[in-house]
Amino acid sequence: MQKIIDFVRQYRGLSIAAGSLLLALILLLVGRGILHRQKLHINEPVAIYIPSGSTFDQLVDSLEAHDCITDPAVFRSMARARHLTEHVKSGRYLLQPGMSLYQVVNKLYCGNQDAVRLTINKHRTKAHLCEFLGRKLEMSGDTLLALLDDSAFCSRYESTPNTIIALFIQNTYDIYWNTTPEKLLDRMQKEYNRFWTPLRQGQCSDLGLSPVEIITLASIVEEETNADEEKPLIASVYLNRLRQGMPLQADPTLKYAVGNFTLRRLLNRHTTVDNPYNTYMYKGLPPGPICIPSIASIDAVLENHRSDYLYFCAKEDMSGRHNFARNADEHAANAARFHQALNSKGIYK
């Protein structure tokens, strides 16, 4: 302050009005400098979520709730000067230790939000997927599910309610927290188109299947095994069955049809469930994917190991691996050993 007084004394000859204006300007600059040095009171990064339609008071309440500001009056003063009070933008904002209040105000005013790192793994149903996305993003999972069940909405993406889940490729994405369902699906479609390179599209053509059909078959392979090295051979069995017009008789589709994914043993009564996903009853591929398959499973179908196998059955050692067979007799012997192992362990359902 003494430096300010000394500086003003150099201009004693100025008129009172000019002197007052100069002093006000100096105090404004000094005050701004002080405000710029005001720091957040946090020791680690803090994510602030501002829902759509939030008021400025709600924004301040959120900052206070996370102990980001200790003097709301100072923050409000800076926010008014930046017009943040009238321009609250929704989103997820990551605040870092050492940030000044001015930087925070500017970040919020400009809407420089930080994306959510969203990892999409295997989800068996649209309901499971939408519930997951509803926890990670602002959108309601129920609202998203209603859209994915709507034929008109799905048609925008050249999909049906049965196939729309194929747009979701297992991967990690940076998505803005307040993205709308429409923008999310737009993004997934772009990622889907990027995934289906000319090479992969050519492999689809060689197999006589569309990308959605490949993903549908890959979803069955995904549910059959966790062993990536086995997936191309399992894929070859199903492709052979499709070529010969045989029903796939895929157990994972039966679990999907009855709505019970915990079944460890499938019985004859399960095969009689009248459901289009029951590949014991209906030939060909089911109406759509039974889960979101991994990229490894999709590529396993595209790059399948050519074979003359028509059957496979889980090994009796319960390793998760499979025995493969070329004819029904070989398969019956393999299945008998596996069922005997289930009986010995008391697994009846």
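The model is predicted, with local features needing pLDDT of at least 70 and side-chain atom pairs pLDDT 80 or more, while totals for chains, interfaces and linings use all residues. Residues are numbered from 1 along each chain as its sequence is written, and side-chain values use heavy atoms, without hydrogens and water.

**Aromatic rings**
- The structure holds 10 aromatic pairs, a pair being rings of Phe, Tyr or Trp (its six-membered ring) with centres within 6.5 Å.
- In one of them, the ring centres of Phe312 and Phe324 are 5.8 Å apart and the planes are at 40°, so the pair is tilted (stacked is under 30 degrees, edge-to-face over 60, tilted the rest).
- This pair links Phe312 in strand S5 (residues 311–314) with Phe324 in strand S6, 12 residues apart; strands are DSSP runs (E) of at least two residues and helices (H or I) of at least four, numbered from the N terminus.
- Phe312 and Phe324 are both buried (under 20% relative accessible area; exposed is over 50%, partly exposed in between; 1.4 Å probe, protein chains only).
- Tyr238, Tyr309, Phe312 and Phe324 form a cluster through ring pairs.

**Strand S6**
- Asn323 lies in strand S6 (residues 322–325) and is buried, at 16% relative accessible area.
- Beyond four places in sequence, Asn323 touches residues including Phe312, Asn334 and Arg337 (heavy atoms within 4.5 Å).

**Positive phi**
- Asp67, not a glycine, has a positive phi of about 55°; Asp67 is exposed, at 53%.
- Gln249 has a positive phi near 50° and is partly exposed, at 33%.
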